[in-house]
Amino acid sequence: MFARLWQGRRIPLAWLLLTRQPMRLLVALAGIAFAGILMFMQLGFRDGLFDASVTIHRLLDADLVLISPRSSSSVSMAGFPRRRLVQAMADPAVVGITPVHWNLLLWRNPENRATRSILTLGFEPADPLFTDPSLARKAKLLQDRGRVLFDELSRPEFGPVAAWFRSGRTVESEISGQRVRVAGLVALGTSFGADGNLLTSHETYLRLLPNTPPGSIEVGLIRLTPGSDPAEVAARLKRRLPADVTVLTKDGFIAFEQDYWRSSTSIGFIFTLGAAMGFVVGCVIVYQILYSDVSDHLPEYATLMAMGYRLTSLLGVVAREGLLLATFGYLPAYAAGQGLYLVVRNATQLPVTMDTTRALTVFIMILVMCMGSALLAMRKLADADPAEIF
Amino acid sequence: MAPMLRLCALKHHFGSGAMRRQVLIDISLSVEAGEVVLLTGPSGCGKTTLLTLIGALRQVQEGSVQVFGEELRGASAAVRLRLRRRIGMIIQGHNLLRCLSAEQNVQMGADLLEGLSYRARRDRSREWLRAVGLQDHLDKLPHDLSGGQKQRVAIARALAARPQLLLADEPTASLDSRTGREVVELLKGLAKDQGCGVLMVTHDPRILDVADRLVQMEDGRLSQGAYAID
C-alpha cells in the first residue's frame with residue numbers, strides 16, 4: 001500500500017511553491033505563529049483563571065458540600081446554621097463532617113505593614129479538611145490559640161512570610177487587629193479571588209471575626225461511605241434538609257465557583273474575544289499570502305490546466321499549501337506558548353499549563369484559519385484561463 | 001485511418017455587436033499522423049486563436065474541429081480535458097513553473113501519464129532533457145536559465161507527456177540556428193517515430209524545409225499548398 005503510494009507520488013508542488021519563496025513563507029509562518037501565540041495566551045489565561053478559581057475547592061476532603069443559597073462565590077460566602085451539617089449525619093451514607101468557616105480577612109504584611117485580603121479557612125484542627133494527609137500533621141500546630149498556617153504559594157505582596165519562617169524566625173502579624181503567629185507553611189496556590197490563603201482553627205477564627213453569629217458556618221464538608229453515589233445522597237439530603245442550605249457534590253461545588261467567574265464576570269468573554277482577534281488576524285495574513293501566491297502564479301496555473309491538469313488537482317495544491325502553513329506555523333506557536341506559559345506561571349502563580357485540549361483547540365483553529373483562507377484564495381484560480389497563455 | 005486533426009469550415013469571432021470581429025474565416029485543414037505541418041503568416045492573422053481552438057482551450061463557435069476523431073464543438077469540459085492530455089503544447093512565453101527546477105518542470109508533464117512509477121517518470125524527464133541538450137542543467141531553476149534553455153525545457157515538458165498531437169507556437173524563436181535546427185529535427189523525428197501529428201506556427205525561414213506541408217494564413221484565411229517545398 002505504502003509502496004504503491006510512493007510509486008505514485010508526484011512533484012510536491014505545494015511544498016516547492018512555499019519553500020522556493022522563503023521570504024513570503026517566513027512572513028506567513030510568522031503571522032500564523034503570532035496568531036497561534038495570541039490564541040494560546042488568551043485561552044491559557046482564560047482556562048488558567050477558571051482553573052485557579054477552584055484551587056482550594058479541589059483540595060477539599062469531601063464528597064458533598066453544604067453552602068448557603070445566598071453564597072455567590074468563594075469571595076462572598078454567606079453563613080448557614082451549622083445544625084444542618086449535624087442533621088446530615090442522620091443519613092446512613094454519611095460517615096464524617098467538617099464545618100468550615102470561609103472568609104476574606106485583612107492580613108497585614110509583616111514587613112511593610114500594608115494590608116491585603118487573604119482567604120481564611122477556619123476549622124476544627126482534629127477534623128479532616130484537605131485530602132492531602134500532610135495537612136493533618138500540621139493542623140495540630142493550630143491547637144494553640146492565635147496560630148495560623150500560611151500558604152507559601154501566596155503572592156509576595158503578603159510579605160516574605162515563607163522565607164522568614166524557613167529561616168527560623170518567628171513570624172507574627174495582625175489580622176483585624178488581632179495578633180497571629182505563623183505556626184507552619186502549607187502549599188495550596190492562589191486563585192482569582194484570593195491572592196493568598198490562611199488556615200486557622202475554629203477558635204482563632206472566631207476571635208478574628210467576633211461578630212460571626214454563633215453556630216453559623218460558611219461551608220460544610222460531608223464525607224460518605226465508600227461506594228455510595230454522591231448524587232443520590234445529595235438528592236436525599238436536599239429533600240430532608242430545609243431550604244436554607246444548598247447541597248452540592250464536590251464537582252458541583254467546583255462548577256458553582258467556575259460558573260460564577262464564567263457567567264457573572266466578563267473574564268470569559270474578554271479572553272475568548274482576545275483569542276478570536278488572534279484568529280481573525282491570522283486569517284487575514286494567511287489569506288493575503290495565499291491570494292497573492294495564486295495571483296503571482298496564475299499564468300503557471302493556466303499552463304498546467306492547458307497541459308491537462310484538472311482544476312481540482314490545482315485546488316488541491318492551494319489546499320496543501322494551507323495545510324503546510326498550518327502545520328509549520330503551529331509548531332513555533334506551540335513552542336512559544338510553552339515558554340510564555342512558564343513565564344506566566346512564575347509571574348502570577350496561576351496554574352496556566354499546556355493541556356492537550358488547548359493544544360488541540362489552537363491547532364484546529366489554525367487549521368480552520370489556513371484552510372478557510374485557502375478556500376477563499378481558490379476563487380482566484382477561477383481566473384486562470386488556459387486560452388490566455390499563448 | 002482518421003487524421004489526427006481535421007478542421008472543417010471553422011469560423012471564430014471576438015466581441016459582440018458593433019465590436020464583433022471575425023478572426024477566422026472558413027478554415028479547413030487536416031494533419032495526419034506522422035505529418036509535420038508548418039503554419040506561417042503575419043502576426044495578428046489569427047494563428048494563435050487557431051491553436052487555442054485546436055488545443056481545446058477555447059470553445060468552438062462555428063464549424064468543426066475534430067481531434068483524434070472527436071468533435072470539439074460543444075464538447076464538455078471533461079472531454080476537452082481528456083483530449084488536452086493527449087495534445088502537447090509548446091508556447092512562446094514558455095510559462096515554466098518558476099519554483100520548479102528544469103527536471104521538475106519536465107516531470108510535471110510526465111506526471112500526467114498514468115500507471116508509471118515515480119522513478120519511471122523521472123527517468124523519462126531526464127531523457128527528454130538530454131534530448132534537448134540540457135543534461136547539465138537538470139537542477140537549475142528557470143530563473144538561472146537563458147531564454148533558449150527555457151524554451152528547450154518547455155519543449156521537453158510537452159514531449160514528456162507523450163502527446164499524439166503537438167502544437168507549437170514559434171518553438172525556435174529564441175534559439176540560435178543550430179539548436180533551433182536540432183529542436184525541429186527532434187520534433188520531426190518524434191512525428192515519424194511515434195506517429196504524432198505536428199502543427200507548428202513559425203516565422204523562421206531556416207526551418208521551413210522540415211515541413212511535409214506548408215500552410216499560409218492571412219487575415220483569417222488559409223491558402224494551402226501555395227508554396228512548393230524545395
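Student: Starting with chain B, how many helices and strands does it have?
Tutor: Chain B has six helices and 10 strands. Those are DSSP runs numbered from the N terminus, with helices being H or I over at least four residues and strands being E over at least two. This is a predicted model, so to speak of local features a pLDDT of at least 70 is needed, side-chain atom pairs count only at pLDDT 80 or more, and totals for chains, interfaces and linings use all residues. Residues are numbered from 1 along each chain as its sequence is written, while chains are lettered from A and ligands numbered from 1 in the order in which they are written.

Student: OK, sheets. What's the strand order in the open sheet of four strands?
Tutor: The order is β2-β1-β4-β5 of chain B, with antiparallel pairing. Strands pair if DSSP finds at least two bridges between them. The edge strands, β2 (21–31) and β5 (70–71) of chain B, each pair on one side only.

Student: How many bridges does β1(B) share with β2(B)?
Tutor: Seven bridges, antiparallel, and B:Leu7 has B:Leu29 in β2(B) as its bridge partner. The hairpin of these two strands has six residues between them, and B:Gly15 takes a positive phi near 75° there. As for β4 (residues 62–67) of chain B, it pairs with β1 (residues 5–14) of chain B over five bridges. In β4(B), B:Glu62 is the bridge partner of B:Lys11, and B:Gln66 stands opposite B:Arg6.

Student: Which way does β8(B) pair with β7(B), parallel or antiparallel?
Tutor: Parallel, over five bridges with β7 (residues 165–169) of chain B; B:Leu166 is partnered with B:Val198. Strand β3 (residues 36–40) of chain B also pairs with β8(B) in the parallel sense, over four bridges, and B:Leu38 stands opposite B:Met200.

Student: Which residues touch the most other members of the largest nonpolar core?
Tutor: A:Ile32, A:Val286 and B:Val198, out of 129 residues. A nonpolar core is a set of buried Ala, Val, Leu, Ile, Met, Phe, Trp, Tyr and Cys residues joined through C-beta atoms within 7 Å. The largest share of this core, 15 residues, comes from α3(A).

Student: Over to chain A, then. How far does α11(A) reach?
Tutor: Helix α11 (residues 267–296) of chain A has 30 residues and reaches 44 Å from its first C-alpha to its last, close to the expected 44 Å. The expected span is 1.5 Å times one less than the number of residues. Its buried residues include A:Phe271, A:Gly282, A:Val286 and A:Leu290.

Student: How many residues of chain A contact chain B?
Tutor: 20 residues of chain A are in contact with 28 of chain B, where contact is C-beta atoms, placed from the backbone, within 7 Å. On the chain A side, α12(A) gives the most, with six residues.

Student: Where is B:Arg98, and what does it contact?
Tutor: B:Arg98 is in the loop between β6 (87–90) and α3 (102–110) of chain B. Leaving aside neighbours within four places in sequence, B:Arg98 contacts A:Glu300, B:Leu141, B:Pro142 and B:His143. With 17 C-beta neighbours inside 10 Å, B:Arg98 counts as partly exposed.

Notes
Contact = placed C-beta atoms within 7 Å. Buried ≥ 20, exposed ≤ 12 C-beta atoms within 10 Å, placed from the backbone.
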